[in-house]
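Student: Could you walk me through this structure with me asking as we go?

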Amino acid sequence: MAACKRIPKTLYGNIFTRSSTGYQSSSSFGPPSSLISRRGIASRLYVAGLSFYTTEKALLDAFSQYGQVVEANVLMDKVSSRSKGFGFITYASADEAEKAIAEMDGKTLHGRIITVELAKPRTQYNSSIPIARGPPEPPKEQQ
């Protein structure tokens, strides 16, 4: 801590900026992707049929030619640490997302034909819904 106090603030003050989500690098462009997706500014795409060896960087590189990609996620299996075969791309505008759907749907990426469509919003499950446990009980006869 004492070493940081001796360094003038001008040397390290411009490297990081404080945001509501914590420290963020000043080299990033625009607001964090979590804020963009909550406000509905961005368009999120679902990409299915990915190879097990497709990484987030490879997905970002493939889709960045159709517009500004805010975020690229490839869902990974926790046990095998391989791709589950699908991911999500977030674009800055809906026009760019539509262009990517038109161009990339049915194309080959890393030897696999991929499907690209608009991502559906997450469904909120109500915790008050009972879970069925076993077969239903037979009706009781009335006498």
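This is a predicted model: local features need pLDDT of at least 70, side-chain atom pairs count only at pLDDT 80 or more; totals for chains, interfaces and linings use all residues.

Student: OK, what's the strand order in the open sheet?

Tutor: The order is S4-S5-S3-S8, which makes four strands with antiparallel pairing, and the edge strands, each pairing on one side only, are S4 (69-76) and S8 (115-118).

Student: And how many bridges join S4 to S5?

Tutor: Six bridges join S4 to strand S5, residues 83-91, and the two run antiparallel, with Ala72 standing opposite Ile89 in S5.

Student: Which strands does helix H4 lie across?

Tutor: Helix H4, residues 56-63, lies across S3 (43-48), S4, S5 and S8, and runs at about 140° to S4.

Student: Switching to rings: how many aromatic pairs does the count come to?

Tutor: The count comes to three aromatic pairs; in one of them, Tyr46 and Phe86 have ring centres 5.9 Å apart and planes at 45°, so the pair is tilted. Tyr46 lies in strand S3 and Phe86 in strand S5, so this pair ties together parts that are 40 residues apart in sequence.

Student: Why is the pair of Tyr46 and Phe88 tilted as well?

Tutor: Their planes are at 55°, with the ring centres 5.7 Å apart, so that pair is tilted, and ring pairs link Tyr46, Phe86 and Phe88 into a cluster.

Student: Is Phe88 buried or exposed?

Tutor: Phe88 is buried, because its relative accessible area is 18% and the cut-off for buried is under 20%, whereas Tyr46 at 26% counts as partly exposed. Arg44 lies over the face of Phe88, at 4.5 Å from the ring centre.

Technical notes
Residues are numbered from 1 along each chain as its sequence is written. Side-chain values use heavy atoms; hydrogens and water are left out. Two strands pair if DSSP finds at least two bridges between them. Contact means heavy atoms within 4.5 Å. Axes are lines fitted to C-alpha atoms, for helices over the stretch in contact, and angles run from 0 to 180 degrees between N-to-C directions. Rings of Phe, Tyr and Trp (its six-membered ring) pair if their centres lie within 6.5 Å; planes under 30 degrees apart count as stacked, over 60 as edge-to-face and the rest as tilted. Buried means under 20% relative accessible area, exposed over 50%, partly exposed in between (1.4 Å probe, protein chains only). A charge sits over a ring if NZ of Lys or CZ of Arg is within 6 Å of the ring centre and within 35 degrees of the ring normal.
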